[in-house]
Protein chains: 2
Amino acid sequence: MAVSGAPASGEDALIARYFKPLATDPGAFGLSDDAAVLKALGEDIVVTTDALVEGVHFFADDPAYTIAQKALRVNLSDLAAKGADPAGFVLSVALRKVDEAWLSDFARGLGADAIAFNCPLLGGDTVSTPGPLMVSITAFGRVGPGQMVHRSGAKPGDHVVVTGTIGDAALGLDILKRGRVADALAGDAASRDALVGRYRVPQPRNALAPLIRAHAHAAMDVSDGLAGDLAKLCAVSGVSAVIDLKSIPLSNAAGKALSAGAAGMREIVSGGDDYEVLCTVDPGALDEFIQAARLAAVVVSPIGTVIAGQSAPKWLDVEGKELPLTRTSYSHF
Amino acid sequence: MAVSGAPASGEDALIARYFKPLATDPGAFGLSDDAAVLKALGEDIVVTTDALVEGVHFFADDPAYTIAQKALRVNLSDLAAKGADPAGFVLSVALRKVDEAWLSDFARGLGADAIAFNCPLLGGDTVSTPGPLMVSITAFGRVGPGQMVHRSGAKPGDHVVVTGTIGDAALGLDILKRGRVADALAGDAASRDALVGRYRVPQPRNALAPLIRAHAHAAMDVSDGLAGDLAKLCAVSGVSAVIDLKSIPLSNAAGKALSAGAAGMREIVSGGDDYEVLCTVDPGALDEFIQAARLAAVVVSPIGTVIAGQSAPKWLDVEGKELPLTRTSYSHF
């Protein structure tokens, strides 16, 4: 992505108008070059990439502003879970046509979040496609050498902890698909909006990155469903876990959908798009982690315990009965 | 992109089978985590991103092996022009379906080039799409602090220099579209293959990166057409240029197409997909640059001179007559 000073092509004009104003970092060179520079004074650069496809990760009629936010935030969520401080991102966007109103909204959403999360646009590529719109972002973070928090590292005895609330985005998706949750909350616009908002605009927990670095033995972000993601974390760490279903933090809106019987805990823990942090914390550090997170205005909730073993994590109800999970997470294929 | 040790989803299995073997760099963590780590001991990390869309940047029936090569090489070409040594890349790929034979070929092409260019796979994202296949790569390079070579920096008196030969890929594309070049070279399979090969598999000039750092005042890669790209470089540098059309290096196959009247210099200098380096070099350094490039097995050719002024570069034929260019480069919109 580069703005030329030469007679502007359509692509160059588009980049100059919508994306150049976002490229405030000196390493972006005002998008006037072929590449960006990320300075590093001995820190590790943490790199993550996530792509969103229209009709798969968002709806064609979702607001362009929130599509941009989601595209950046799913990447910011990875950085948060790895304990990395945002350093910037590059963007590839494939467009069917140039819709100035859409692009203007998209750039505003992207710009607002770049500022909010201190993660500037460094560069990108704008291409045409005959197919669905696609946004691919690669984001960069910084940590001290060797300080990235891994999926591996969970130890028997650790508390399993999640940030925020779980399941909202999956219920929001059900509403957008006019499913059972939409019916159950038909008279409750505020709850519907809250859940749809969680699907469209993840709330990545970057404020917690320093605490995750300091306190988590293992961490990942919950993107494909809590149950599947915990199973992955445990498998890579060579441990298992027991989860207490009633400890899983639910929003008020999710609570209403459950009370109405429109969804069960199975959907809550296997739905995707939470973009919360799942981590394991030493018992001796739990109180400090919870208190410090509260100061950062993020609720964190212990939901179970890491145990030795290779079996899949167990999800227990109040009576100690196991919730059978056949499908634990989203897979594209 | 992460391989889980948990019961494999389709996506995880696909990543484990095809992409994990490529993730040989310690910073990729065997694709078992949510992010990669790029170590930097004070160097600048140069970042570039380019996306390819089926039907736009390559044909649906192009070999998967060469699609992968092109996707990586268009990024490697940017690193070469910036004087950066490859450090690794992340990949986003959007697939309509899982075609094991296609994926196997794609991964083989990617893996071969990752080794050939010393640019390991660090991570990625694999998603489904209902539309055209899309491959988006973000590549990283290293240079000493402040050593990236910019588009700006060209000085009056500099030689304008290009690597390799110009126009081949555009002629190759014409052949794939069964245009006039295909007819003109109907009896010459070797020439057709050479030109199509240049369209499908760029030859990025990474071997020259140290020389470009050492000798070029300004550089960029030629991706959208030499004429348009030179105009961009000149505009950003605040200079103009005079180019001698007969000095533009042509391959034997391109020479045949021109002799047959199937294409003219206008198509040669405004066609895209060359992925050669365009740079400007101080007159005092030209001989050393040419000699050193020869040792690196790359032919570099001076094609003109940077002059003061703001006007568009002039393209002069043997009689000193200017070649009028209405369309100087490819634009997506």
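Strand E1 (residues 36–53) and strand E4 (residues 134–143) of chain B pair in the antiparallel sense over 10 bridges, where two strands pair if DSSP finds at least two bridges between them. Helices (H or I, at least four residues) and strands (E, at least two) are taken as DSSP runs and numbered from the N terminus. Within this pairing, B:Ala51 has B:Ser136 of E4(B) as its bridge partner. The model is a predicted one, in which local features need pLDDT of at least 70, side-chain atom pairs count only at pLDDT 80 or more, and totals for chains, interfaces and linings use all residues. Residues are numbered from 1 along each chain as its sequence is written, while chains are lettered from A and ligands numbered from 1 in the order in which they are written.

E4(B) also pairs with strand E2 (residues 85–95) of chain B, again running antiparallel, through nine bridges. How many residues of E4(B) are buried? The count is 10 of the 10, so E4(B) is largely enclosed by the rest of the structure. A residue is called buried if 20 or more other C-beta atoms lie within 10 Å of its own, exposed if 12 or fewer, and partly exposed in between, with C-beta atoms placed from the backbone. Both faces of the strand are covered: one side carries B:Met134, B:Ser136, B:Thr138, B:Phe140 and B:Arg142, and the other carries B:Val135, B:Ile137, B:Ala139, B:Gly141 and B:Val143, all of them buried.

E1(A) and E1(B) pair in the antiparallel sense over nine bridges, and A:Ile45 finds its bridge partner in B:Leu38. Across the whole interface, 63 residues of chain A are in contact with 63 residues of chain B, a contact being two residues whose C-beta atoms, placed from the backbone, lie within 7 Å. E1(A) supplies the largest share of the chain A side, 16 residues. By class, this side has 29 nonpolar, 22 polar and 12 charged residues. In this scheme Ala, Val, Leu, Ile, Met, Phe, Trp, Tyr, Cys and Pro count as nonpolar, Asp, Glu, Lys and Arg as charged, and the others, Gly among them, as polar.

How the two chains are related comes next. A rotation of 180° with 0.0 Å of shift along its axis superposes chain A on chain B, with an RMSD of 0.0 Å; this is the relation of a two-fold axis. Copies are superposed by least squares on the C-alpha atoms of residues with pLDDT of at least 70 in both. The same surface serves both copies, as 100% of the contact residues of chain A recur in chain B. Of the residues of chain A, A:Gly131 comes closest to the rotation axis, its C-alpha lying at 2.4 Å.

Chain A is divided into domain 1 (10–143) and domain 2 (159–316), with bounds that come from an automatic or database domain assignment. Their C-alpha centres lie 26 Å apart, and the contact takes 19 residues from domain 1 and 17 residues from domain 2. On the domain 1 side, H2 and E2 of chain A are the elements that give two or more residues, and H2(A) provides the largest share, 11 residues.
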